[in-house]
Amino acid sequence: MNIFKGIEKKLEGLVEGGFGRAFKASVQPVELAHKLAKEMGDHKTVGVSNVYVSNEFDIYLGKGDYENLTSFADSLKAELANYVTAFARREGWTLVAPPRIELHLDEDLRVGEFGIAARTVNEPAQTPDALVAPPATTPPPAVVPPGPMLDQTILYQESAAMPAATPAAARGGAPRAALRGPQGEWELRDAVTVLGRSRRCDIVLTDPNVSRQHAEIRRQDDGFMVRDLGSTNGVRINRRDVKQAVLQHGDRIELGTTELLFERLP
């Protein structure tokens, strides 16, 4: 088992056994980990020699989730930091300083909802060998001012379960595409769209054979790519098992027993 999978298994273990009953529909550590990774990917900065990603995260939780998670906050923050580091290393991204993760109470959020504010902050202290440091000649990336900026997935959480497609917004020359399936239609408007059984996914599929975070569709240049997120039953494109694949108009994506049609839009 590699370090990335090992950390994820530890995070899953935090909510199994003794903690399992406490959470039910509440925020779970493994879901926080996936969203932290998504935040890094959505807000990366491409430098001359490196791709820089956020290293400081503020997680905002409703009262019930905050009380549950802060009961083992030190252990949770350490595991999340390890997950972020392993994910960045796997993707070849650069962290300019060790990850810092803090939990905050936001009483406007309900149980199961959370927000993430991400920043890139360079520290003068020496960076551990486990992290990739930028060359001395490369100026540090700009620091994003802190603040309770909610993760975009929270904004789409309730509408994601609706079967009707979201009206298209003007995107200039950016490619447009949509997924169509037995549970509805969705336009792929974000840089990364996560599909799965969890209600915190961007597209929620009520199929027991679909994993909680099953796959993602990522916008790339003038096209789209699907990638398996380590699901139990895998991803199939036109009856062929794939770990990741570039999508073409008319491709049929199978997640569990659910089939989705990928279509490029004019």
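Strand E5 is mostly covered, with 6 of its 6 residues buried. The model is predicted, and the mean pLDDT of the protein chain is 77. Strand E5 spans residues 114-119 and supplies at least two residues of the largest nonpolar core, which has 27 residues.

- E5 pairs with E3 in the antiparallel sense, over 6 bridges.
- Within E5, Phe-114 is the residue that stands opposite Leu-61.

**The largest nonpolar core**

- Leu-36, Met-40, Phe-57, Ile-59, Leu-69 and Leu-80 touch the most other members of this 27-residue core.
- At least two core residues come from each of helix H3 (29-42), strand E3 (56-61), helix H5 (73-91), strand E4 (100-105) and strand E5 (114-119).
- H5 gives the largest share, 8 residues.
- Beyond its neighbours within four places in sequence, Phe-57 is in contact with Leu-36, Glu-39, Met-40, Val-84, Arg-100, Ile-101, Glu-102, Ile-116, Ala-117 and Ala-118.

**The other core**

**The five-stranded sheet**

- An open sheet of 5 strands runs in the order E9-E8-E10-E11-E14, and its pairing is mixed.
- Strand E9 (203-204) and strand E14 (244-246) are the edge strands, each pairing on one side only.
- Strand E10 (residues 215-220) pairs with strand E11 (residues 223-228) in the antiparallel sense, over 6 bridges.
- Gln-220 stands opposite Gly-223 in E11.
- Strands of a sheet pair through backbone hydrogen bonds, either parallel or antiparallel.

**Confidence**

- In the protein chain, 71% of residues reach a pLDDT of 70 or more.
- Confidence is highest in strand E15 (residues 252-255), at a mean of 95, and lowest in helix H6 (residues 152-155), at 34.
- Residues 125-131 have pLDDT below 50, and this stretch has 10 contacts in the model beyond near neighbours in sequence.
- Over residues 133-171 pLDDT stays under 50, and the model has 70 contacts for them beyond four places in sequence.
- Where pLDDT is low, the predicted coordinates should not be read in detail.

Note on methods. Residues numbered from 1 in each chain as written. Predicted model: local features only at pLDDT ≥ 70, side-chain atom pairs only at ≥ 80, totals over all residues. Heavy atoms only, no water. Core = buried A, V, L, I, M, F, W, Y, C linked by side-chain atoms within 4.5 Å. Buried < 20%, exposed > 50% of the residue type's maximum accessible area, 1.4 Å probe, protein only. Helix = DSSP H or I, 4+ residues; strand = E, 2+ residues; numbered from the N terminus. Contact = heavy atoms within 4.5 Å. Pairing = 2+ DSSP bridges. pLDDT = per-residue confidence, 0-100.
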